[in-house]
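Here is a short report on one protein chain. Read it beside the sequence and the structure.

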Amino acid sequence: MNKPLDYIYPNPPADLDPRALDLDNIPQHVAIIMDGNGRWAKQRGWKRLRGHKAGIEAVRESIRMASDLGIRFLTIYSFSSENWSRPLDEVVGLMDLFAKTMLAEVDELHEENVRVMTIGDLSALPADTRNAFSEAWEKTKNNTGLTLVVAVNYGGRKELVDACAAFVDQAKAAWEAGQPAPELTEQALSGLLYTAEIPDPELLIRTSGEVRVSNFLLWQIAYAEFVVTPVLWPDFDRYDFLRCLLQYQGRERRFGGV
């Protein structure tokens, strides 16, 4: 962390004390299921896409908090492989929003030493959206601060199938070369996931009060702490982030032990 707590949290609510945060117990990797954009818009009589646009500020806020607090990896669930079934105008609008937002934000992210990467099948995205994410990666890939992982056209089951297929290809190549077949272990499979180069999340946050994982990081969240907040994503701010971190710090992580 490179900024004092009173700078990060200048005007906390009366019931929240930022000084309660243990800076020696900050999770290395936080993953967020950003839920509630559509409901937020519907409550106001607006179209769902307006909720997605409003949620951009919550993304900015979360990136700032993660970077300021020294979190190393922040993974955001932007678009699942199942989201293609949504109304066409919403999907088209989301893809356009992804492209425009990424191109608009990448320079500032680069200045803040943030590295941007994606997980998921980008091949199915429109060319403009795919290119925007690729350009962000190329511009920021050598940065050493926070890594922002954008899960787009991502599905946890598809990731596991792809990893198993890659292992079969390795085994086939070894057999054809007359070499011993590789052993299928947890470590071997982890090394074939989209997230092979980053640690598993210690904390998974879901907004909007829904209690499900929605095919997100199924392997990686095996021992993550879950925090569900009723706050809809566009309303999620730095103090909501702080509340989630404090909940995380109040847990005893036993990893199956006692």
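G70 follows helix α3 and has a positive phi, near 85 degrees. Helix α3 covers residues 48-69. Its 22 residues reach 32 Å from first C-alpha to last, close to the 32 Å expected at 1.5 Å a residue. Expected span here is 1.5 Å times one less than the number of residues. Helices (H or I, at least four residues) and strands (E, at least two) are DSSP runs, numbered from the N terminus.

This is a predicted model; local features need pLDDT of at least 70, side-chain atom pairs count only at pLDDT 80 or more, and totals for chains, interfaces and linings use all residues. Residues are numbered from 1 along each chain as its sequence is written, and side-chain values use heavy atoms, with hydrogens and water left out.

Most residues other than glycine have a negative phi. N113 is not a glycine, yet its phi is positive, about 65 degrees. N113 sits in the loop between α4 and β3. At 28% relative accessibility, N113 is partly exposed. L217 also is not a glycine and has a positive phi, about 50 degrees. L217 belongs to the loop between β5 and β6. With 1% relative accessibility, L217 counts as buried. The classes are buried (under 20% relative accessible area), exposed (over 50%) and partly exposed (in between), with a 1.4 Å probe and protein chains only.

**Helix α5**

Helix α5 has 14 residues, 127-140. At 1.5 Å a residue they should span 20 Å, and the end C-alpha atoms are 20 Å apart, which agrees. Where do the buried residues of α5 lie around the axis? They are T129, A132, F133, A136 and T140. These residues cover an arc of only 90 degrees around the axis, so they lie on the same side of α5. The arc is that of the directions from the helix axis to the C-beta atoms. The buried residues pack against α4 (88-111), β3 (115-119) and β4 (147-154).

**Salt bridges**

A salt bridge is a side-chain nitrogen of Lys or Arg within 4 Å of a carboxyl oxygen of Asp or Glu. By this rule there are 19 salt bridges.

| Pair | N to O distance |
|---|---|
| R243 and D15 | 3.6 Å |
| R206 and D35 | 3.0 Å |
| E210 and R39 | 3.2 Å |

R243 and D15 form a salt bridge. This pair links distant parts of the chain, 228 residues apart: R243 is in helix α8 (residues 238-249), and D15 is in the loop between α1 (5-8) and β1 (29-33). R243 is partly exposed, with a relative accessible area of 30%. D15 is exposed, at 63%.

R206 pairs with D35 in a salt bridge. These partners are 171 residues apart, R206 in strand β5 and D35 in the loop between β1 and α2 (37-43). Both R206 and D35 are buried.

The side chains of E210 and R39 also meet in a salt bridge. E210 is in the loop between β5 and β6 (225-228), R39 in helix α2, 171 residues apart. E210 is partly exposed at 24% relative accessibility. R39 is partly exposed at 32%. Elsewhere, salt bridges that share partners join E57, R60, E61, R64, E105 and R238 into one network.

**Surroundings of R206**

Strand β5 spans residues 203-206 and includes R206. The relative accessible area of R206 is 6%. A polar atom of its side chain lies 2.6 Å from the backbone oxygen of R212. Such a polar contact is a pair of N or O atoms within 3.5 Å; within protein, one must be able to donate a hydrogen and the other to accept it, and residues adjacent in sequence count only if both atoms are side-chain atoms. Not counting residues up to four places away in sequence, R206 touches I33, D35, R212, V213, S214, V227, V228 and T229. Contact means heavy atoms within 4.5 Å.

E159 is in helix α6 (residues 156-176). Which groups meet the side chain of E159? Its side chain joins that of Y154 in a polar contact of 2.5 Å. The backbone nitrogen of Y194 lies 2.9 Å from a polar atom of the E159 side chain. E159 is buried yet has no salt bridge.

Technical notes. Lys, Arg positive; Asp, Glu negative; His and termini not counted.
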